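Hello,

Here is the structure I promised to pass on. My notes follow below it.

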Amino acid sequence: MSNEFITDLDLRDKVVFVAGGTSGINLGIAEDFARAGAHVAVQSRSQDKVDSTVASLRELGVRAWGGAADVRDYAATEKVLADAHAELGDFDVLISGAAGNFPVSALKMSANAFKSVVDIDLLGTFNVLRAGYQFLRKPGGCVINISAPQSELPTITQAHVCAAKAGVDMLTRTLALEWGPAGVRVNAVIPGPIDGTEGMSRLAPTEESRSLVTNSVPLRRYGTPRDVANVCRFLASPLADYVTGVILPADGGWVLGGASHAMGVIGQPLLDQ
Ligand code: NAP
Ligand code: COA
């Protein structure tokens, strides 16, 4: 790789695929890549959400494309990836961010509830990466998995997410080993509590729980989708050309331990119900 001094994070004419890119954090990532000049493809289950996301990305002046498929369905996901590749060309960046979450104690969690989250988060990430690899630029492509603090912090009411996202982190490291020789980097980002998202509205729905979360973040604020998108743009940029197999938090320091305290307090009444 070159030793050239790099002055910006321009992603003009790069091609980015975002699985789960039609709302929340992943939509914010897709939009910021588009603002940086990248052409963007998105996938999620809802055709309506895909259509409105594609329209809003095109308004940013880039080429955009989207397809509806469940990441749990390998064949349908591979078809969307293939169609995106036919439309936009080789992927420079492949982002896997589809996920499901709801708080429930392990003893009240049905086997199917556990399976549904593991299937979306972990099997879904495997499917997106396994099917997407053939369309990645080689050398030079990069993968970014969207993990979560639960991958590192055991968290009450989150047995399914903790297990699934810990798996995502190990998949990240394992594929960094397998795909490094082809010049493909594989990293993950751990968002902290991100304001205005479906995920945090499910986990901390009241003002009281929001305040507990805020006070457990060392930097004392919720994050924004842009906080996460900035780290993704860094990982996708030439500045990170020698970075692979890393699980990088964009979380105000939450995974240092504050989250387990806050979620312990929030989760306790749910255990007692
Ligand atoms: P969100 O708004 O609910 O976004 C989830 C996205 O994934 C949507 O586009 C959804 O669209 C899609 N999706 C869900 N299930 C899918 C499936 N089976 N197949 C294909 N697409 C599917 O979530 P968010 O809160 O922004 O979270 C986004 C990511 O950040 C997740 O990976 C989450 O674990 C991670 N994260 C979030 C937070 C947070 O504070 N929110 C913190 C840490 C980590 P459809 O409904 O159309 O399928
Ligand atoms: N508490 C306990 N169990 C729940 C639950 C809850 N709040 N929500 C769903 N489940 C259970 C269901 O009862 C079912 O189990 P069962 O068959 O034993 O009754 C199982 O989970 C699957 O539910 P289903 O609604 O069929 O799943 P789905 O595949 O249609 O949807 C979810 C997946 C449940 C994860 C849904 O919440 C979703 O689509 N989430 C995406 C958005 C999201 O979670 N965003 C936050 C990302 S961090």
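An oxygen atom of ligand 2 sits 2.9 Å from a polar backbone atom of Asn101; a polar contact here is a pair of N or O atoms within 3.5 Å. Arg72 places a polar side-chain atom 2.9 Å from an oxygen atom of the ligand. For Arg202, a side-chain N or O atom is 2.8 Å from a ligand oxygen. Taken alone, ligand 2 exposes 940 Å², and the protein buries 54% of that (Shrake-Rupley areas, 1.4 Å probe).

This is a predicted model: local features need pLDDT of at least 70, side-chain atom pairs count only at pLDDT 80 or more, and totals for chains, interfaces and linings use all residues. Residues are numbered from 1 along each chain as its sequence is written, chains are lettered from A and ligands numbered from 1 in the order in which they are written, and side-chain values use heavy atoms, with hydrogens and water left out.

In total, 14 residues surround ligand 2 (a heavy atom within 4 Å). Helix α4 (111–132) gives the largest share, 4 residues (helices are DSSP runs of H or I, at least four residues; strands are runs of E, at least two).

Now the sheet. It is open, with 7 strands in the order β3-β2-β1-β4-β5-β6-β7 and parallel pairing (pairing takes at least two DSSP bridges). β3 (64–68) and β7 (247–250) are at the edges with a single partner strand each, so one side of each has no neighbour in the sheet. β6 (185–191) pairs with β7 over 4 bridges. Ile190 has Pro249 of β7 as its bridge partner.

Best wishes

How values were computed
A polar contact is a pair of N or O atoms within 3.5 Å; within protein, one must be able to donate a hydrogen and the other to accept it, and residues adjacent in sequence count only if both atoms are side-chain atoms.
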